[in-house]
Each structure stands twice: as C-alpha cells, then as structure tokens.
Amino acid sequence: MIRTAVIGMGNMGTRYSKYISEGKIEGMELCAITRIREPYRTTLENEINSGLPVYDSADDLFSAVDKGEINPDAVVITTPHYSHSPIAIKAFERGLNVLCDKPSGVYSRQAREMEEKAASSGKVFSMVFHQRTYPVYKKIRELVQSGEYGALKRVNWVVTDWYRPDKYYLSGSWRATWDGEGGGVLINQCPHNLDLLQWIFGVPVSTTGFCIEGHFHNIPVEDDVTAYFKWENGATGVFVTSTGDAPGVNRLEISMEEGMIVCEEGRLSVRELFPELGCREEEYRREAEDFFKKIKGVEKEIEIEDPVSPYEEVLRGFSDECRGKGISPAPGSDGRKSLLISNAIYLSSWEGRSVRI
C-alpha cells in the first residue's frame, strides 16, 4: 500500500483525503494530514477521531518523518500556489513520491526546480490535471494527433465559464493577490485549459497577451485575458478567458486542413471537407472556379461518454505509477509547460510585445 499524507486541507485536500480514506483509490491509504479547519474538518471527523495524525504544517509533518514518527510513501500537495515547489522539493529530499495540484508553481523556475529534484530522487512526480481524463478531450487529442484531418491551421478557444462573484475573492486573504496567489484567472482557473492546449496541440512558439486587471472585480490581478498564439508549423490561435462574463461559454474550434473540430459544452462534432469537395481542400482551392462558394463541410457528431470521477482517476493513476502498475495522467514535467505559457502571456501583456516561449 502507498501510505499517503495530504498537505493542504481546503476543499480539494479534504476531497482527496476522503477518497483515499474510503478505500476508493486502490493501493493507497491515508496516513496523515495537515491542520484542517471548519467546515472541512467535519468531513474527516471519523478519521481524526480514529487516530489519523494531524500536523500543524508541512514542516511539522516532515519533521515527524525525520523523527520516524510516520513513514509515508507519498504526499499530495493542495496548498496555495507559491508553496507547491518548496513542499515538493522537501518531499523528494525525503524519498517521497509527489502528486501536486495545479499549478506546479507561480513562475516556471519553480516548476523546473521541482522537475530536477524529482529526477535526482528517482521518485514519481505527477500533476493533478484531471481534465485530461475527460473522454471529450482525450478524443480531441486523438483526432488532432492522428493526422486524419491533416495538420493544424487554427485554434480558437473561448473559456468564459469561470464566472466568479465578488464574495469568492473575499473568501480567502490569499485569493486574487500577487503575493498570495501569484495572479488571477490565468494562474488559478486556467492551468487546466493551458495544459490541455499544450497536451493536444503542443507548446506554442510565441504569444501576444492582453491581461486586464480588475476589469470585472475589485482585485489587483487579471480577470480578463486574450492571448494570441503561434505554433512551429505556422498555425495560429486565440485564447479568451475571464471570470466576469455571464453567461459564459466553453467553445473550442480547431481548424484542420481537412475539417473543423468543434467542442462546446461537452458536445463534439467534426465538419469534414472531403465528402463535400471530393478532394483535398488544398487541391480544391487551387482548381475551384466558383469564386464565392461557402464551404460548410459535412457535419459528423461524435458520441462522447460523460466523465465518471476525474479526480479519483488521477489519484488511481498516481497510485498505479507509484506501485509500478501504470502511469499518471499528467507527469510532473508537464506542469512547467502550461506555466511557461501563462508566464509568457503575463510578460507579453506587461511589456506590450510578442514573447517567444
């Protein structure tokens, strides 16, 4: 069994702990947690009353490890963003496997330091990018990378369904601050989207970003972002996100050489060109005599199952990799890729120039 300590007992840390303690994650058992406050304490009251060790901080937990009071095999980190890297490094130094919630840090050097320490320790390092387990995104990645519809031409992703009221930002003193959280929507909500962006299409080579701080809320960090991307093959993209648009949407359009993939609210379709044109689009473009034809493509809807329990799937993948029986959905090294993109968007916006990634 992988004896696991959870560090950071807010909403997500409590949820992960409960999954483990209830035996939902094969091969894992909960051996310790850090300090937990109401309303989350009630969730783990039985475990605490039964003797589950509770430490005031990550440092206290590691001190207990050093003294031999507990003997974990792994830690799950769900603390505020700046602390992810130092906690992970201390865990690797003690020979522990690490599953880290997003993001892997606030700036990319933190993520690189985590990677280097993980590599030298020889331990498993994974990230909680649970949206990789969604069947719809796995299918999109398969379609794009299979080459069935040719090369990538353009990506347009509007993700404005991250709406948050003002009280959300007042619920914690660290929220929506540069010192506490390290940024706004890019570093809090969008690591998932930026991870999927690079996981499906690869890391762009450059970006031009526009971040607006406090556009919809009284906060010093960005809550409205537009970014332009360019990939190595010349493909381009636009990424739009905010926490102040209502109603929000989550619409991903992927223009390929031989069709367009559209994903919105979990529905996936492909508008194929060959059935309408009878040839490759490039050939049609070269030979067509109709100056004004509106090519619509032949739409094919792809049936997609609903995700079952994404966070449990991430924990199971981590457990499997720790036990040598599989691999995690997201290796720790991928945490730096999405962070590089968000860092580049910030830098581009602040300096008013295109930034090479």
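Q: Which elements each supply at least two residues of the lining of the second largest pocket?
A: This is a predicted model. In it, the second largest pocket holds about 350 Å³ of space. Of the 21 residues that line this pocket, the closest to its centre are Tyr134, Val136, Tyr137, Glu265 and Gly266. The elements that each give at least two lining residues are helix 6 (135–146), strand 13 (267–272) and strand 14 (298–302).

Q: Which element gives the largest share of the lining of the second largest pocket?
A: By class, this lining divides into 10 nonpolar, 4 polar and 7 charged residues. The largest share, 3 residues, comes from helix 6.

Q: How many polar residues are in the lining of the largest pocket?
A: About 1,100 Å³ of space lies in the largest pocket. Its lining has 39 residues, and Gly10, Asn11, Thr78, Trp174 and Arg175 lie nearest the centre. Sorted by class, there are 13 nonpolar and 9 charged residues, and the number of polar ones is 17.

Q: Which element gives the largest share of the lining of the largest pocket?
A: Two elements give two or more residues to the lining of the largest pocket: helix 1 (11–21) and helix 4 (84–93). The largest share is 4 residues, and the element that gives it is helix 1.

Q: Why is the pair of tyrosine 16 and tyrosine 311 called tilted, and what is the angle between the planes?
A: The structure holds 13 aromatic pairs, among them tyrosine 16 with tyrosine 311, whose ring centres are 5.8 Å apart. Planes under 30 degrees apart count as stacked and those over 60 as edge-to-face, so the rest are tilted. The pair is tilted because its planes stand at 55°.

Q: How many residues apart in sequence are the parts that tyrosine 16 and tyrosine 311 tie together?
A: Tyrosine 16 is buried at 1% relative accessibility, and tyrosine 311 is buried at 17%. Tyrosine 16 lies in helix 1 and tyrosine 311 in helix 12 (residues 310–322), so the pair ties together parts whose separation in sequence is 295 residues.

Q: Is tryptophan 350 buried or exposed?
A: Tryptophan 350 and tyrosine 346 form a stacked pair, 5.4 Å centre to centre with 20° between the planes. Both lie in helix 13 (residues 334–351), 4 residues apart, about one turn of the helix. Tyrosine 346 has a relative accessible area of 4% and is buried. Tryptophan 350 has a relative accessible area of 52%, so it is exposed.

Q: Over the ring of which residue does the charged end of arginine 164 sit?
A: The charged end of arginine 164 is 5.1 Å from the centre of the ring. That ring belongs to tyrosine 168.

Note on methods: Residues numbered from 1 in each chain as written. Predicted model: local features only at pLDDT ≥ 70, side-chain atom pairs only at ≥ 80, totals over all residues. Heavy atoms only, no water. 1 Å grid on protein atoms, 1.4 Å probe; cavity = no way out; pocket = protein on both sides within 12 Å on 5 of 7 lines; lining within 4 Å. Points joined across faces, edges and corners; volume = space filled by probe spheres on them. Nonpolar A, V, L, I, M, F, W, Y, C, P; charged D, E, K, R; others polar. Phe/Tyr/Trp six-rings, centres within 6.5 Å; stacked < 30°, edge-to-face > 60°. Buried < 20%, exposed > 50% of the residue type's maximum accessible area, 1.4 Å probe, protein only. Lys NZ or Arg CZ within 6 Å of the ring centre and 35° of its normal.
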